[in-house]
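Biologist: I'd like to learn how to read a model like this one. Can we walk through it together?

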Amino acid sequence: MKIPDMKREKCESLEQVREHIDALDQALIEMIATRQFYVDQAVRFKRNAEDVQSPERVQQVINKVRQQAIDVGTNPDLVETLYREMIQHFIQRELKEIRP
């Protein structure tokens, strides 16, 4: 599944810039919530903490998002930092389900 490209337009005022940023923030939060929804489903298919932590899968995701960041012209280090934080949060969330 691919999310459609976000439209970029030149703004004529700071207010207009802020409106776009606010709309993007809302969209990002909704996408993070949707990602969490799927992470919550994934835990049903994992048997133990090793399945949850899966360093090889984490590295696959990091490699993929770094390349995607480069492809769209944004900072891959920033994207990696954000994803590592988000992934760690979701791992902790999943571990609570695996461990009684």
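**Reading the model**

Modeller: Let's start at E94, which lies in helix α4 (residues 76–98). Helices here are DSSP runs of H or I with at least four residues, strands are E runs of at least two, and both are numbered from the N terminus. Keep in mind that this is a predicted model, where local features need pLDDT of at least 70, side-chain atom pairs count only at pLDDT 80 or more, and totals for chains, interfaces and linings use all residues. Residues are numbered from 1 along each chain as its sequence is written, and side-chain values use heavy atoms, with hydrogens and water left out.

Biologist: Is E94 buried or exposed?

Modeller: The labels go by relative accessible area: under 20% is buried, over 50% is exposed, and in between is partly exposed (1.4 Å probe, protein chains only). E94 counts as buried because its relative accessibility is 5%.

Biologist: Which residues does E94 touch?

Modeller: A contact means heavy atoms within 4.5 Å. Leaving out residues up to four places away in sequence, E94 touches V39, A42, V43, K46 and V52.

Biologist: Where is S54?

Modeller: S54 is in the loop between α2 (49–53) and α3 (55–72). With a relative accessible area of 12%, S54 is buried.

Biologist: With which side chain does S54 make a polar contact?

Modeller: A polar contact is a pair of N or O atoms within 3.5 Å; within protein, one must be able to donate a hydrogen and the other to accept it, and residues adjacent in sequence count only if both atoms are side-chain atoms. The S54 side chain makes one with the side chain of E56, at 3.0 Å.

Biologist: Now zoom out. How many helices and strands does the protein chain have?

Modeller: Four helices and zero strands, so reading along the sequence gives α-α-α-α.

Biologist: What is the radius of gyration of the protein chain?

Modeller: That value is taken over C-alpha atoms, and the globule rule is 2.2 Å times the number of residues to the power 0.38. The protein chain has 17 Å, whereas a compact globule of 100 residues would have one near 13 Å. The C-alpha atoms fill a box of roughly 55 × 25 × 25 Å along the principal axes, and 19% of the 100 residues count as buried.
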